[in-house]
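Morning, everyone. I have one structure to show you today. Let me put it on the screen.

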There are 2 protein chains.
Amino acid sequence: MQKEHNLSKNQKIIFDLIDKSRGPMKAYSILFNVQKKGIKAPLQVYRALDKLVEIGKIHKIESRNAFIACQNSSCQVSKATVFSICESCENVSEISNSKLSKYLSNFSDSSGMKYSKYNLEFFGLCKKCKSK
Amino acid sequence: MQKEHNLSKNQKIIFDLIDKSRGPMKAYSILFNVQKKGIKAPLQVYRALDKLVEIGKIHKIESRNAFIACQNSSCQVSKATVFSICESCENVSEISNSKLSKYLSNFSDSSGMKYSKYNLEFFGLCKKCKSK
DNA sequence: TTGTAAATGTTATATTATTACATAATGTTA
DNA sequence: TAACATTATGTAATAATATAACATTTACAA
């Protein structure tokens, strides 16, 4: 069960923007878009982003320095993320594949390290771009 | 079989530095370290890094903006990388697990997208840090 | 109502990465 | 070898991403 998080004002403004966006958004593009709502400084954006990532409402696409709303409606898996990224149009979507998730969550290697978190990014060409 | 790449002067200087380093190195730390060898500007570093990544001699740790020498001695798999990252001491190592690699290389989902590349980063605490 | 944690506001600055332009070295092919 | 193309280099400026430090306010639990 997902814990209910009451978003603060800035967190809500920024989450709503990302959630409505078609694709991943970058921090300074977010900043630009929320300036009319009174959020004026990068730090205000980054603080909200940090919190939203922490509670799993959004994810960071590490290879793109961009943020996307969680697409697993009740995402308790903010610590286990898999994305599909088109290298041509930069479309990103979150993959939810329970077999893959299980496989990765249970993965362990000879180092004796137990992993509490992972992030996987797949790259390729999406259908549209492939056929061009 | 890996294609033989003759590294250029700057590429060699930078690869040697990363290869000798204990852990991942960041671009500006690399720059600082090679200034005595005549590499003065960030762009010189980034250009060498780009090339070294492209040919698989090094990998970028996306979540850390840092670079590490490929640890699979004859790495033809620069397009299929898996890392283990300790969130406490920031130690990073490359995981080579053929079962996992196969599983990920063959992964496909309902989108019809064929993936040509992936990067997976596992996070946790290493043995040392766990016992502190 | 008092204490504490979380969130906000603001300025400055640190860190990471690229654009633009000029030149040189290397490799290929006629 | 001359001519051409490709790759690499040098340099300056600047763009893009992210954090430090400090002051204040809001939310909420004891």
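First, a term: a salt bridge here is a side-chain nitrogen of Lys or Arg within 4 Å of a carboxyl oxygen of Asp or Glu. With that in hand, look at A:K117 and B:E87: they form a salt bridge, and the closest N and O atoms are 3.0 Å apart.

Now the ground rules. This is a predicted model, where local features need pLDDT of at least 70, side-chain atom pairs count only at pLDDT 80 or more, and totals for chains, interfaces and linings use all residues. Residues are numbered from 1 along each chain as its sequence is written, chains are lettered from A and ligands numbered from 1 in the order in which they are written, and side-chain values use heavy atoms, with hydrogens and water left out.

Next, the symmetry. Chain B goes onto chain A with a rotation of 180 degrees and 0.0 Å of shift along the axis, at an RMSD of 0.0 Å. That is the relation of a two-fold axis. Within chain B, the residue closest to the rotation axis is B:L120, its C-alpha at 2.1 Å.

On to the interface between the chains. Contact means heavy atoms within 4.5 Å. By that rule, 32 residues of chain B touch 32 residues of chain A. Buried area is the accessible area (1.4 Å probe) that two parts lose on being put together, summed over both. Between chain B and chain A this comes to about 2,800 Å², with 61% from carbon and sulfur atoms. On the chain B side, B:Y103, B:M113 and B:F122 lose the most area to chain A, together 21% of what that side buries.

How many salt bridges cross the interface of chain B and chain A? The rule finds two. Which elements give two or more residues to the chain B side? They are β3 (80-86), α4 (98-105), β5 and α5 (127-130) of chain B. The largest share, twelve residues, comes from β5(B). Helices (H or I, at least four residues) and strands (E, at least two) are DSSP runs, numbered from the N terminus.

Stay with B:F122. This residue sits in strand β5, residues 114-125 of chain B. Is B:F122 buried or exposed? B:F122 counts as buried because its relative accessibility is 0%; the cut-offs are under 20% for buried, over 50% for exposed and partly exposed in between (1.4 Å probe, protein chains only). Beyond four places in sequence, its contacts include A:L104, A:F107 and A:Y115 in chain A, and B:V82 and B:I85 in chain B. B:V82 is 40 residues away from B:F122 in sequence, yet their C-alpha atoms are 7.6 Å apart.

Now inside chain A. Nine residues of domain 1 and ten residues of domain 2 make the contact. About 740 Å² is buried between these domains of chain A, 56% of it from carbon and sulfur atoms. In domain 1, A:H59, A:I61 and A:R64 lose the most area to domain 2, together 57% of what that side buries. The domains share one salt bridge. A:R64 also forms a salt bridge with A:E90, closest N and O atoms 2.6 Å apart.

Last stop: A:Q11, in helix α1 (residues 9-20) of chain A. At 15% relative accessibility, A:Q11 counts as buried.

Terms used:
Copies are superposed by least squares on the C-alpha atoms of residues with pLDDT of at least 70 in both.
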